[in-house]
Amino acid sequence: ARTVRGERIERVGAAPPGERAVAIVPVLDEETRLGPCLAGLQAQGPELAAVFVVDGGSRDGTVAVARGWAAKDARVRVLEAGPAPAETNGKVHNLARGLAEAET
């Protein structure tokens, strides 16, 4: 897998003993970009325990793409956070929601 700039995404090493490796992916209207992102994360193998896709109220097919990946890979979990409160940054709000879910 490669980034949008063409840089290769390398597989991560194993998580330290006793720690759980997770990825939090905050999204908003990312229908065309989410699939390649999740493909790269899926390639990480069993070292990656969970992928939390946190949607901030997408109006396109982002949630459907995320649910499609969740149906194929039990590590992918879709959280619909809705729009961020006016006084907060949407991506940061979604990261916080994903982190809270990962810690449970």
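Which element gives the most to the lining of the largest cavity?

## Overall architecture

The structure described here is a predicted model. Its chain contains three helices and three strands, and these elements follow the order β-α-β-α-β-α when read from the N terminus. The chain has 104 residues, of which 34% count as buried.

Contacts between residues at least 6 apart in sequence show how the chain is brought together: 73% of them join residues at least 24 apart.

## The largest cavity

A search of the whole structure finds one cavity of 30 Å³ or more. The volume of the largest cavity is about 30 Å³. Its lining is formed by Leu38, Leu41, Gln42, Leu48, Val51, Asp73, Arg75 and Val76.

Helix α1 gives the most to this lining, with three residues. Both α1 and β2 supply at least two residues each.

## The largest pocket

The largest pocket has a volume of about 360 Å³. It is lined by 16 residues, and the closest to its centre are Thr3, Val4, Arg33, Pro36 and Cys37. Two or more lining residues come from each of the elements β1 (21-27) and α1 (31-42).

The largest share of the pocket lining, six residues, belongs to α1. By residue class, the lining of the largest pocket holds 10 nonpolar, two polar and four charged residues.

Leu34 is located in helix α1, and its relative accessibility of 1% is under the 20% limit, so Leu34 counts as buried. Beyond its neighbours within four places in sequence, Leu34 is in contact with Val25, Val27, Val53, Thr62, Val65 and Ala66. Ala66 is 32 residues from Leu34 in sequence, yet the two C-alpha atoms are 7.4 Å apart in space.

Pro36 also has its place in helix α1. Its relative accessible area is 53%, which is over the 50% limit, and therefore Pro36 is exposed.

Most residues other than glycine have a negative phi.

Gly56 belongs to the loop between β2 (48-55) and α2 (62-72). Gly56 counts as buried because its relative accessibility is 12%. If residues up to four places away in sequence are not counted, Gly56 touches Val27, Leu28, Gly82, Pro83 and Asn94. The C-alpha atoms of Gly56 and Glu80 are separated by 6.5 Å, and the two residues are 24 residues apart along the chain.

Ala81 lies in the loop between β3 (76-80) and α3 (90-102). Its relative accessibility is 15%, so Ala81 counts as buried. With residues up to four places away in sequence left out, Ala81 touches Val54, Asp55, His93, Asn94 and Arg97. Ala81 and Val53 are 28 residues apart in sequence, and their C-alpha atoms are 9.9 Å apart in space. Asn94 is among the residues touched by Gly56 and among those touched by Ala81.

## Aromatic rings

How many aromatic pairs does a search of the whole structure find? The search finds zero. An aromatic ring does, however, take part in an arrangement with a charged group: the charged end of Lys72 sits over the ring of Trp69, 3.9 Å from the centre of that ring.

Key:
Residues are numbered from 1 along each chain as its sequence is written. This is a predicted model: local features need pLDDT of at least 70, side-chain atom pairs count only at pLDDT 80 or more; totals for chains, interfaces and linings use all residues. Side-chain values use heavy atoms; hydrogens and water are left out. Helices (H or I, at least four residues) and strands (E, at least two) are DSSP runs, numbered from the N terminus. Buried means under 20% relative accessible area, exposed over 50%, partly exposed in between (1.4 Å probe, protein chains only). Contact means heavy atoms within 4.5 Å. Rings of Phe, Tyr and Trp (its six-membered ring) pair if their centres lie within 6.5 Å; planes under 30 degrees apart count as stacked, over 60 as edge-to-face and the rest as tilted. A charge sits over a ring if NZ of Lys or CZ of Arg is within 6 Å of the ring centre and within 35 degrees of the ring normal. On a 1 Å grid over the protein atoms alone, a cavity is a set of points where a 1.4 Å probe fits but cannot get out, and a pocket is an open set with protein on both sides within 12 Å along at least five of seven lines; lining residues have an atom within 4 Å of a point. Grid points are joined across faces, edges and corners, and a volume is the space filled by probe spheres set on the points. Ala, Val, Leu, Ile, Met, Phe, Trp, Tyr, Cys and Pro count as nonpolar, Asp, Glu, Lys and Arg as charged, and the others, Gly among them, as polar.
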